[in-house]
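These are my notebook entries on a structure that I looked through element by element. I wrote down what I looked up in the order in which I looked.

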Amino acid sequence: MLHRAAGPLAATLGSEAYERLLKALSLIYGIESYVVLRDIWGASYREVESVARFMLEALIESALRQAPHPALSPKGRGRNPSPSRSRR
């Protein structure tokens, strides 16, 4: 399921980053996060879904920010600066 959903990002991220993203995404869909949100935080089903979507979007944005940009030279590859750093 996760491979189908995240598959389009595989080429952009590279194999190691793609696998790390899949592992991180699997934590969102595991029963543990559901139990924490429902039992500890008293979240509604709708809120559990909302928090899961928030985490999903944050993980994908982070993975894409860290992906090497093809237009950069090999020396400039690596993490792209975060928006907050680029404003300084």
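I began with Glu-49 and Arg-53, which both lie in helix 5 and are four residues apart, about one turn of the helix. I kept in mind throughout that this is a predicted model. When I looked at the side chains of Glu-49 and Arg-53, I found that they meet in a salt bridge, with 3.1 Å from N to O.

Next I checked the length of helix 5, whose 22 residues should span 32 Å at 1.5 Å a residue, and the 32 Å between its end C-alpha atoms agrees with that. Which residues of helix 5 are buried? I noted Val-48, Ala-52 and Ala-63 as the buried residues of this helix. Looking down the axis of helix 5, I saw that these buried residues fall within an arc of 35°, so they line one face of the helix. On the face turned away from the buried side of helix 5, I found the exposed residues Arg-46 and Phe-54. I then looked up what the buried residues of helix 5 pack against, and the partners are helix 2 (10-13), helix 3 and helix 4.

**Helix 3**

I turned to helix 3, which has 15 residues and reaches 21 Å from its first C-alpha to its last, close to the 21 Å expected at 1.5 Å a residue. Its buried residues are Ala-17, Tyr-18, Leu-21, Leu-22, Ala-24, Leu-25 and Ile-28, and they pack against helix 1 (2-6), helix 2, helix 4 and helix 5.

I had read that side chains of opposite charge can pair when their charged atoms come close. With that in mind I looked at Lys-23, which forms a salt bridge with Glu-19, the closest N and O atoms being 3.1 Å apart. Both Lys-23 and Glu-19 lie in helix 3 (residues 15-29), four residues apart, about one turn of the helix. Glu-19 counts as partly exposed, because its relative accessibility is 43%. How many salt bridges does the count come to? I recorded two.

I also looked at Ser-26, which lies in helix 3 and is partly exposed, with a relative accessible area of 37%. Ser-26 and Leu-2 are 24 residues apart in sequence, yet I found their C-alpha atoms 7.5 Å apart in space.

Where is Trp-41 found? I placed Trp-41 in the loop between helix 4 (31-40) and helix 5 (45-66). Trp-41 counts as exposed, because its relative accessibility is 66% and the exposed class begins over 50%. Together with Val-36 and Ile-40, Trp-41 makes a nonpolar surface patch of about 380 Å².

**The whole chain**

Last, I stepped back to the chain as a whole, whose secondary structure comes to six helices and zero strands. I wrote the order of its elements from the N terminus on as α-α-α-α-α-α. Of the 88 residues of the chain, 23% count as buried. The chain exposes about 6900 Å², and I noted that carbon and sulfur atoms supply 58% of that area. Among contacts between residues at least 6 apart in sequence, 37% join residues at least 24 apart.

Notes
Residues numbered from 1 in each chain as written. Predicted model: local features only at pLDDT ≥ 70, side-chain atom pairs only at ≥ 80, totals over all residues. Heavy atoms only, no water. Patch = residues over 30% accessible without salt bridge, like charges linked within 9 Å, V, L, I, M, F, W, Y side chains within 5 Å. Areas by Shrake-Rupley, 256 points an atom, 1.4 Å probe, with all protein chains shown as cover. Salt bridge = Lys/Arg side-chain N within 4 Å of Asp/Glu carboxyl O. Helix = DSSP H or I, 4+ residues; strand = E, 2+ residues; numbered from the N terminus. Buried < 20%, exposed > 50% of the residue type's maximum accessible area, 1.4 Å probe, protein only. Expected span 1.5 Å × (residues − 1). Arc of directions from axis to C-beta. Contact = heavy atoms within 4.5 Å.
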